[in-house]
Amino acid sequence: MSRVRIFVGTKRGLFHFSADERRTGWITSVPLLPGREIYFIARDPRDGSLWAGSNHKVWGPHLHRSTNFGDEWETLETAPHYADERGLRAVWSIAASSSDQPGRLYAGIEPAGLFQSDDGGASWREVHSLNQHATATAWQPAGGALALHSITVDPLNPQRIVCAVSAGGVYRTDDGGVSWQALNQNVRADFLPQPYPEAGQCVHKLVMHPANPDRLYQQNHCGVYRSDDAGNTWIEVFAGLPSNYGYALAVDSRDPNVAFVIPEESSHMRTTVGGRLRVYRTTDAGSSWQGIGRGMPQEHAYVSVLREGMSTDNLEPTGVYFGTSGGHLFASRNRGENFNMISGFLPRILAVMVVVV
């Protein structure tokens, strides 16, 4: 029987929760990497290794790896960073290339930049073609930070990689990183003098659907968008949502028409809309949305869910998981029809990632 493990990165360390494929009776770990802010957790599907990025007010930013399903973590001696005064403030994402490139990893960091490793993370080099792109002068710090936070590698064509910068926009390479193009057509940037610039949009989260890599979704500062052509063009799909603003975004791995978001009040009031904790689900690629609140507080719940705070599994029916700024961890075993709270007293949750072993 498969085991499901939820990895939860918090402001004070990493936790994991495990259960069998029935997804009940969750077992909680002790705090791992205690005292560190855990910004993301990622899995390399080629060998099953897990990666996490952390920051600590004394020790600074680090990259961590686990080779035993997250029970133990090693801190790597090196992490991707600029060689000049920009250095490294945080590692925000890790993505693996294909099995044909077994040692290749990509990392997104703050200050915004993409880095590449060809030896499994032992050393890193800067991807100058993106970091020094002609439009990079339009990149600017957002409310959180100036970071490259989303890296998606096409599972059918590893030469195609799509990244997102906040605030900078969406970029794609079709030649393995030799060249990049800014792909922000029809995406608004209401906070700029020209609301439809070539670059400078504030992408909060970008997801590529694993079964249909041409299907992309993004939760943007100015709404939710869908692309059906790998980012060449974008379509607004936020009609029916109570707010355009939010961070969390996830998809059903089996159905490219199913996605989940958690809208927030506004960029000024970054909490659930009206104090109601609800997950919004689309089953028609964003043409319509259904708000689901079963199992969650529907009044006086002023929490937020961050960009790495929601994840889905690949079981049937799909499980949906998310964590809040108040330390609440929720899970659904039925594609978001209703949720149960697994834990309610964790530190502030920054990231949630699910693995089925």
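The legends below describe close-up views of a predicted model.

**View 1. Residue S311 in strand β24.** S311 sits in β24, a strand that spans residues 310-312. With a relative accessible area of 10%, S311 counts as buried because the cut-off for that class is under 20%. A polar atom of the S311 side chain is 3.4 Å from the backbone nitrogen of V354. Beyond its neighbours within four places in sequence, S311 is in contact with A250, with G319, V320 and Y321, and with V352, M353 and V354.

**View 2. The largest pocket.** The lining of the largest pocket comprises 27 nonpolar, 11 polar and 6 charged residues.

**View 3. Strands around the largest pocket.** At least two lining residues come from each of β4 (37-43), β8 (90-96), β12 (147-153), β16 (203-208), β20 (246-252), β24 and β28 (349-356). Among these strands, β28 contributes the most to the lining of the largest pocket, with 6 residues.

**View 4. The second largest pocket.** The volume of the second largest pocket is about 460 Å³. W92, G144, L306, R307 and R348 are the closest to its centre among the 20 lining residues. Strands β4 and β12 each provide at least two residues of this lining. By class, the lining of the second largest pocket has 8 nonpolar, 5 polar and 7 charged residues.

Terms used: Residues numbered from 1 in each chain as written. Predicted model: local features only at pLDDT ≥ 70, side-chain atom pairs only at ≥ 80, totals over all residues. Heavy atoms only, no water. Helix = DSSP H or I, 4+ residues; strand = E, 2+ residues; numbered from the N terminus. Buried < 20%, exposed > 50% of the residue type's maximum accessible area, 1.4 Å probe, protein only. Polar contact = N/O pair within 3.5 Å; in protein donor to acceptor, adjacent residues only side chain to side chain. Contact = heavy atoms within 4.5 Å. Nonpolar A, V, L, I, M, F, W, Y, C, P; charged D, E, K, R; others polar. 1 Å grid on protein atoms, 1.4 Å probe; cavity = no way out; pocket = protein on both sides within 12 Å on 5 of 7 lines; lining within 4 Å. Points joined across faces, edges and corners; volume = space filled by probe spheres on them.
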